[in-house]
Protein chains: 2
Amino acid sequence: MATSLLLNYKYRILYSTFIGVGVRKTRQILVGNVKIGGGTPVSIQSMTNTDTADSVATLHQIDQLAAAGCQIARCAVQNHDALTPFGEICRLSPIPIVADIHFDHTLAIGALERGAACVRVNPGNLLSEKAARDVAHKAAEMGRPIRIGVNMGSLSENAKARYGRTPKAMVESALQYVRLFEEEGCHALKVSLKASDVRTTVSACRMFAEKTDIPLHLGITEAGPVSCGIVKSAVGIGALLLEGIGDTIRVSLTAPPVEEIKAALRILEATGLRKAEPEIISCPTCARTRIDLMQLVSAVEKAIDELKASGHKFKVGSIAVMGCEVNGPGEASNADIGIAGAANKQGILFRKGRKITTLEAGELLPALLKEL
Amino acid sequence: MATSLLLNYKYRILYSTFIGVGVRKTRQILVGNVKIGGGTPVSIQSMTNTDTADSVATLHQIDQLAAAGCQIARCAVQNHDALTPFGEICRLSPIPIVADIHFDHTLAIGALERGAACVRVNPGNLLSEKAARDVAHKAAEMGRPIRIGVNMGSLSENAKARYGRTPKAMVESALQYVRLFEEEGCHALKVSLKASDVRTTVSACRMFAEKTDIPLHLGITEAGPVSCGIVKSAVGIGALLLEGIGDTIRVSLTAPPVEEIKAALRILEATGLRKAEPEIISCPTCARTRIDLMQLVSAVEKAIDELKASGHKFKVGSIAVMGCEVNGPGEASNADIGIAGAANKQGILFRKGRKITTLEAGELLPALLKEL
């Protein structure tokens, strides 16, 4: 969590009131030591792509994920041989581990016995209702939470028959599975409703949010190549978070998992649920731009990353790098400190929109860094 | 528009009904030959960052923007020397040109006289009410539209005094300016309400949308470095578009303008307002992944880009590249054609979720390309 400051529930409520919508009230569950729901800050998850049987490689990746800001990691448990290394991963990981299970419910039970903080099942692809009930019973007995994952590709048969491949069918599937798990005494549940289509996902999550108090895990599944995937995830997850829906998120990208964490942090920052420390505000380049803005922004980003890595405590919360004096200081008057291009290869340094001094272009970056 | 298919109003209404919200009804205006509002497809804009006085360089950039899918380009007109080259740009550009004016209203009038398809003014930084009325009068006389741009940095004095630096103050500023322009007979208006903060922007646009039928130009101003800027824009613009709000968009990035067009297209695709042709669906990598998914997705993207560049007509609308047989064909059963990894360095080719054949890993890409 080096790069972000967690913001609390009060802040979320304040913001939501501000924009005229409520924050959805959900029951709270515990995945290891991470609270999900009940007004706690939205947490970030990812999934390892190493072979779970290779516990050393997997733990190495989890360390990288945790360092980047990941709070919960999920590992696929594909067969019984993976259970022993999975147990090792659970024991040694710095963050809680969720077992990802498909088809074979005995793997879910085995993963719980080996220390999984949570198990993600897709009841639609477990072999029978009995199998799902066995998992629910075990989780209830051990006091562990379950994530029920419903994808458009794995709807319950009767929901699919009744509603087709629709958001409604996803919600009905999820509610059926929830009832089944609750009947076995398993109430520590979270649910994900994922489709590769943003509108379908948003619609399903909204509908589900109205019907229950179960925390929602948000994500767009099979979001595609990284360039499109980030946009799809930002639109879908972002729109829901702006409405106060969503308790934990995973950005799915066809990319190294650490990229998922970076993207997730940016979404939380964009929705105002975390604050980047410090935030960089910069303007698009236009014909008014008086300085080499792209180069300057890159240099500022690099300098901030280096300061962060050295454990620097920043004196400012936001930094503006603006192309010109026209919009610069005015637009960035919320920024604690800023620089903007001016005529004659000069620039200005400003604080809260107020000009402090005029400098030569080459002096701007050093002057800005001195203020951090 | 080589890469995207425009989707019509019926489709937007269908989608919006589907997710339970309406599409906002707006008055229609014409920027050159591009219709904005009144149910026409959401259009994409960008702004040149060349010196407008250098008409050759600017026209070259506009050509690049148009080729990438930009439908309207904006050029800053900073002084009277830029007016003659600006007129040349208007005459020779393949897409309509908007003049971006600050401070000096005589530049707005000059730009209209030289062929600007629209003028963007920020009435908050024009020198007087009289100046704004002169611009309005001229535009009305010539039958040209005006974009009224309100930024948090340039609120009207009385709105700021009354409501502080809030979304409400932005909306009140905009409505005051709208009244002023309409009083002069200028009804072909569009409005932008931009803040660098996503929630403020979304909130202001929602409020404005409820009060008028004036088309909205959406964007997040000073969105910051490209990595954060794309996410901020996708969340803010995306959330509004999902609600049926927004008639034309610009993604502001501190990056080459063509990147803004690519990001804008991705946002329209993610919100279902345009269809990527063909769309690539791929899953995140996980321990179940049986093939080198990232490499394969890149190869598919590259092949599609090359086919597009050669003017190829695709036989399929969506292509799935999936890591494993577990989720692959099921999740991607909407995809017209797909490949997924299987055990023993093999993979499967599937159509609409149904397996066609099993192939060696190396044969997957050629087999897929044959189907396009």
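**Helix 7, chain B**

I began with helix 7 of chain B, where 12 of the 17 residues are buried, so the rest of the structure largely encloses this helix. A reminder to myself: this is a predicted model. I listed the buried residues of helix 7 of chain B: B:P167, B:A169, B:M170, B:V171, B:E172, B:S173, B:A174, B:L175, B:Y177, B:V178, B:L180 and B:F181. I noted that B:E172 is among them. Next I checked the length. Helix 7 of chain B runs over residues 167-183, and its end C-alpha atoms are 24 Å apart, which agrees with the 24 Å that 17 residues should span at 1.5 Å a residue. Just past this helix I found B:G185 with a positive phi of about 90°.

**Helix 10, chain B**

From first C-alpha to last it reaches 20 Å with 14 residues, close to the 20 Å expected at 1.5 Å a residue. For its buried residues I wrote down B:P257, B:E260, B:I261, B:A263, B:A264, B:L265, B:I267, B:L268 and B:A270. I kept the helical repeat in mind here: with 3.6 residues a turn, residues three or four places apart point the same way. After helix 10 of chain B comes B:G272, and its phi is positive, near 80°.

**Where the chains meet**

How much area do chain B and chain A bury between them? I got about 6500 Å², with 57% of it on carbon and sulfur atoms. The contact takes in 78 residues of chain A and 78 residues of chain B. I then looked for charge pairs, and the rule finds 2 salt bridges across the interface of chain B and chain A. One of the salt bridges I looked up joins the side chains of B:E279 and A:K232, at 3.4 Å from N to O. My count of residue pairs in polar contact between chain B and chain A, both at pLDDT 80 or more, came to 6.

Which elements supply the side of chain B that touches chain A? I found at least two residues each from helix 1 (9-18), helix 8 (198-211), helix 9 (226-242), helix 10 (257-270), strand 13 (279-282), helix 11 (293-309) and helix 12 (328-331) of chain B. Helix 9 of chain B gives the most, with 11 residues. By class, I have that side of chain B down as 37 nonpolar, 25 polar and 16 charged residues.

**A:R24**

Is A:R24 buried or exposed? It counts as buried, because its relative accessibility is 11% and the cut-off for buried is under 20%. I placed A:R24 in the loop between helix 1 (9-19) and strand 2 (29-31) of chain A. Its side chain reaches two backbone oxygens that I noted: that of A:I214 at 2.8 Å and that of A:A209 at 3.2 Å. I also took the C-alpha separation of A:R24 and A:G38, which is 8.9 Å for residues 14 apart along the chain.

Most residues other than glycine have a negative phi. B:F103 sits in the loop between strand 6 (97-101) and helix 4 (105-113) of chain B, and is partly exposed at 37% relative accessible area. I stopped at B:N344 too, where phi is positive and near 55°. B:N344 lies in the loop between strand 15 (337-342) and strand 16 (346-351) of chain B, and is exposed, with a relative accessible area of 68%.

Note on methods. Residues are numbered from 1 along each chain as its sequence is written. Chains are lettered from A and ligands numbered from 1 in the order in which they are written. This is a predicted model: local features need pLDDT of at least 70, side-chain atom pairs count only at pLDDT 80 or more; totals for chains, interfaces and linings use all residues. Side-chain values use heavy atoms; hydrogens and water are left out. Contact means heavy atoms within 4.5 Å. Buried area is the accessible area (1.4 Å probe) that two parts lose on being put together, summed over both. A salt bridge is a side-chain nitrogen of Lys or Arg within 4 Å of a carboxyl oxygen of Asp or Glu. A polar contact is a pair of N or O atoms within 3.5 Å; within protein, one must be able to donate a hydrogen and the other to accept it, and residues adjacent in sequence count only if both atoms are side-chain atoms. Helices (H or I, at least four residues) and strands (E, at least two) are DSSP runs, numbered from the N terminus. Ala, Val, Leu, Ile, Met, Phe, Trp, Tyr, Cys and Pro count as nonpolar, Asp, Glu, Lys and Arg as charged, and the others, Gly among them, as polar. The expected span of a helix is 1.5 Å times one less than its number of residues. Buried means under 20% relative accessible area, exposed over 50%, partly exposed in between (1.4 Å probe, protein chains only).
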